[in-house]
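This briefing covers symmetry, the chain contact, domains and helix packing. Start with the structure itself, then read the points by topic.

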Number of protein chains: 2
Amino acid sequence: MTTRTTPNTLGYAILQLLERAPLSGYDLKKQFAASLAYGWYAHDSQIYPQLKQLEAQGYVESHVEASSAGPDRRIYAITDAGLTELVAWLPTALDDTRQKSELILRVWSSDLMPPEAFKRLLADVETQTREHLERLTSIRNRLQRRYGLPEVTTDPRQVGVMLCLEHDIQLARAKLTWLERALTVVETRAALSGQPLEAADMVEV
Amino acid sequence: MTTRTTPNTLGYAILQLLERAPLSGYDLKKQFAASLAYGWYAHDSQIYPQLKQLEAQGYVESHVEASSAGPDRRIYAITDAGLTELVAWLPTALDDTRQKSELILRVWSSDLMPPEAFKRLLADVETQTREHLERLTSIRNRLQRRYGLPEVTTDPRQVGVMLCLEHDIQLARAKLTWLERALTVVETRAALSGQPLEAADMVEV
DNA sequence: TCCAACATGTAAACGGTTACATGATTAC
DNA sequence: GTAATCATGTAACCGTTTACATGTTGGA
């Protein structure tokens, strides 16, 4: 064992969760599915092999826990080597400007869609974003009632979580602002092209 | 030829660019590297095989163009089938809420970093974001001077591009707001823990 | 009796990244 | 001469997604 290569990003994501508490593969799977503002996720089929790899690398260790109700669970815990590796990784440099977005990819060619189709797309994303924002704020408010504001809370473990939530809330709000703006643009253009419009016609000629 | 499976996302990204003008693989590579608000990108080594695949699927066609200055270029153009496929894909539903972010992944465990390390990380991202925002606004302003506001411009091809730029500008500003906030939180907490603080001490006891 | 949740995986296919490879032309 | 830019690729590896596979327990 202990083939010491560094973990990949998913590996660090799992180490972070295990640093808070020992968990089974199934627990991790639920954590990824449930937590809204965590910055990473993975499919079930990725988690179990990844845990085995982390164990082979010596970053986690596991034991089987018998259960009276249901099948046995294998519980994973972070090792000293795992914690050292995680803490060393956290402050390393990163590029957070380049991101892929299927939405933006489509907006770029939105002139190829009929206005109604584009409006429907924007409205769908707006509904999604509004629901997402509501879930984020309700969790943030719940944490804030329990632990206070991040700058003064006595539980340091909550600071990062709250900052993540605030980040995602901030971005969701900005996206909603843009969605309103985009909708206005489509509607204005549709209205202008619907009726004869001197300024536009003159440029065409 | 014409193994008609639908393209993948990179395929659609390329089809969009080719819909505006025929391009070589090298041109596409430059487009991905240069355009800041396009929603997708790819490595050079992905582009050439992807173009071959799109051609095998009948979505693009190509011819070799001899050049007096430099090597020959293979120029790709979108086909009718490609345009049909692209236009059919554009308005399809999508989920734009789940996104991975290495930054957020680290913020979640920021309590494991010394405050100074976390501050340095935030400051780096802030510099990146500020530079990114400046590039975005300068392009947006240039386009706006040339074509006018997106809601009234007479060139429909520019509408999507401008909306993409406005989207990224909006999000970059929101991120900067959050970065300031996060920095305040770390600094406040560092200041409080530096000097004896009744409220905090009492809870620890 | 059937469905949902618990629990752990394997296999194949697909997508993305890094490293390697080649050779011509142009500007300094 | 040498470095940058033009131009096109291959190979190996790694990471992600989708589909498949199996069996238990508890509640409606």
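A helix axis here is a line fitted to C-alpha atoms over the stretch in contact, and angles run from 0 to 180 degrees between N-to-C directions. The model is predicted. With that convention, the axes of helix 2 (residues 25–34) of chain B and helix 3 (residues 44–56) of chain B cross at roughly 135° and come within 10 Å.

**Helix 2 and helix 3 of chain B**

- Angles over 145 degrees count as roughly antiparallel and 65 to 115 as roughly perpendicular. At roughly 135°, helix 2 of chain B and helix 3 of chain B are therefore oblique to each other.
- The crossing of helix 2 of chain B with helix 3 of chain B is right-handed.
- Helix 2 of chain B contributes Gly25(B), Leu28(B) and Lys29(B) to the contact. Helix 3 of chain B answers with Asp44(B), Ile47(B), Tyr48(B) and Leu51(B).
- By class, the residues of this contact are four nonpolar, one polar and two charged.

**Helix 1 and helix 4 of chain B**

- Helix 1 of chain B and helix 4 (residues 80–89) of chain B have axes that come within 10 Å. They cross at roughly 115°.
- Here the crossing of helix 1 of chain B with helix 4 of chain B is left-handed.
- From helix 1 of chain B come Tyr12(B), Leu15(B), Gln16(B) and Glu19(B). They meet Gly82(B), Leu83(B), Leu86(B) and Trp89(B) in helix 4 of chain B.
- Five nonpolar, two polar and one charged residue form this contact.

**Helix 1 and helix 3 of chain A**

- In chain A, the axes of helix 1 (residues 9–20) and helix 3 (residues 44–56) lie 10 Å apart. The packing angle is about 85°.
- Helix 1 of chain A and helix 3 of chain A are therefore roughly perpendicular to each other.
- Leu10(A), Gly11(A) and Ile14(A) of helix 1 of chain A make the contact with Gln46(A), Gln50(A), Leu51(A) and Leu54(A) of helix 3 of chain A.
- The contact of helix 1 of chain A with helix 3 of chain A has four nonpolar residues, three polar residues and no charged residues.

**Symmetry of the two chains**

- Two copies of a chain are related by a rotation about an axis and a shift along it.

**The contact between the chains**

- Chain B gives 69 residues to the contact and chain A gives 70 residues.
- On the chain B side, helix 1 (9–20), helix 5 (102–107), helix 6 (115–147), helix 7 (157–194) and helix 8 (198–204) each supply at least two residues.
- Which helix of chain B gives the most to this side? Helix 7 of chain B does, with 21 residues.
- The side of chain B that touches chain A has 34 nonpolar, 18 polar and 17 charged residues.

**Domains of chain A**

- Chain A divides into domain 1 (9–89) and domain 2 (102–204).
- Taken over C-alpha atoms, the centres of domain 1 and domain 2 of chain A are separated by 33 Å.
- Five residues of domain 1 of chain A are in contact with seven residues of domain 2 of chain A.
- On the domain 1 side, the residues are three nonpolar, one polar and one charged.

Notes:
Residues are numbered from 1 along each chain as its sequence is written. Chains are lettered from A and ligands numbered from 1 in the order in which they are written. This is a predicted model: local features need pLDDT of at least 70, side-chain atom pairs count only at pLDDT 80 or more; totals for chains, interfaces and linings use all residues. Helices (H or I, at least four residues) and strands (E, at least two) are DSSP runs, numbered from the N terminus. Angles under 35 degrees count as roughly parallel, over 145 as roughly antiparallel, 65 to 115 as roughly perpendicular and the rest as oblique. A crossing is left-handed if the near helix is turned anticlockwise from the far one by less than a right angle, and right-handed if clockwise. Two residues are in contact if their C-beta atoms, placed from the backbone, lie within 7 Å. Ala, Val, Leu, Ile, Met, Phe, Trp, Tyr, Cys and Pro count as nonpolar, Asp, Glu, Lys and Arg as charged, and the others, Gly among them, as polar. Domain bounds come from an automatic or database domain assignment.
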